[in-house]
Amino acid sequence: IETVADAAEAGRHQPQWIDSAVEWHARFEEYSGPSPRYVPLRATATADLARARGNNDPDLWRAAVEAWADTSYWRAKSQWRLAESLAALDPDDPEAPSLLAEVEKVAAELGAKPLLNATRATREATER
């Protein structure tokens, strides 16, 4: 679903890709197993599906951040998406830079270069 959302944001998707993302999301909706990752995966999938549909909703990303509270990488990644969504709504949003700084710190500590690069790119884009 994240890949479809990325392609949709870049204008490189095909309409049936959204249908595929909806089908994948339905799997999260239908699943009722005991996996401890169910809630955070569902929260992220829900936020990414909304993003794929053109609604990068900060409230959905806040839910994902909260759901990943015990997993630093995925929490940071959700915070990055939250910062992106806030900056898209209001380039002067005061929360976005602090979120990006926090994500950058976690990404550097974890050696997560793709997340670190994405965070820096978001910061540069929001500072223009």
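This is a predicted model: local features need pLDDT of at least 70, side-chain atom pairs count only at pLDDT 80 or more; totals for chains, interfaces and linings use all residues.

Mentor: Residues are numbered from 1 along each chain as its sequence is written, and side-chain values use heavy atoms, with hydrogens and water left out.

Trainee: How is a pair of packed helices described, and at what angle do α6 and α7 cross?

Mentor: Two packed helices are described by the angle between their axes and the distance between the axes. Helices here are DSSP runs (H or I, at least four residues), numbered from the N terminus. Axes are lines fitted to C-alpha atoms, for helices over the stretch in contact, and angles run from 0 to 180 degrees between N-to-C directions. The axes of α6 (residues 95-110) and α7 (residues 113-127) cross at roughly 155° and come within 9 Å. That makes α6 roughly antiparallel to α7 (over 145 degrees; under 35 degrees counts as roughly parallel). The crossing of α6 with α7 is left-handed, meaning that the near helix is turned anticlockwise from the far one by less than a right angle.

Trainee: Which residues of α6 and α7 make the contact?

Mentor: Contact means heavy atoms within 4.5 Å. On the α6 side the residues are P97, L100, A101, V103, E104, A107 and A108, and on the α7 side L115, L116, T119, R120, T122, R123 and T126. By class, this contact of α6 with α7 has eight nonpolar, three polar and three charged residues. Nonpolar covers Ala, Val, Leu, Ile, Met, Phe, Trp, Tyr, Cys and Pro; charged covers Asp, Glu, Lys and Arg; the others, Gly among them, are polar.

Trainee: What are the angle and axis distance for α5 and α7?

Mentor: α5 and α7 pack at about 15°, and their axes are 11 Å apart. The two helices α5 and α7 are therefore roughly parallel to each other. The crossing of α5 and α7 is left-handed. Y73, A76, K77, W80, E84 and A87 of α5 meet L115, A118, T119, T122 and T126 of α7. In classes, the contact of α5 with α7 has six nonpolar, three polar and two charged residues.

Trainee: What span should α5 have?

Mentor: The expected span is 1.5 Å times one less than the number of residues. With 18 residues (72-89), α5 should span 26 Å, and its end C-alpha atoms are 26 Å apart, which agrees.

Trainee: Which helices do the buried residues of α5 pack against?

Mentor: Buried means under 20% relative accessible area, exposed over 50%, and partly exposed in between (1.4 Å probe, protein chains only). The buried residues of α5 pack against α1 (2-10), α3 (38-52), α4 (58-67), α6 and α7. Q79 in α5 counts as buried at 3% relative accessibility. Not counting residues up to four places away in sequence, Q79 touches V65, L99, E102 and V103.

Trainee: Is V103 buried or exposed?

Mentor: V103, in helix α6, is buried, with a relative accessible area of 0%. Leaving aside neighbours within four places in sequence, V103 is in contact with A76, Q79, W80, L115 and T119.

Trainee: Which residues does T122 contact?

Mentor: T122 lies in α7 and is buried, with a relative accessible area of 10%. With neighbours within four places in sequence left aside, T122 is in contact with W80, E84 and L100.

Technical notes
Angles under 35 degrees count as roughly parallel, over 145 as roughly antiparallel, 65 to 115 as roughly perpendicular and the rest as oblique.
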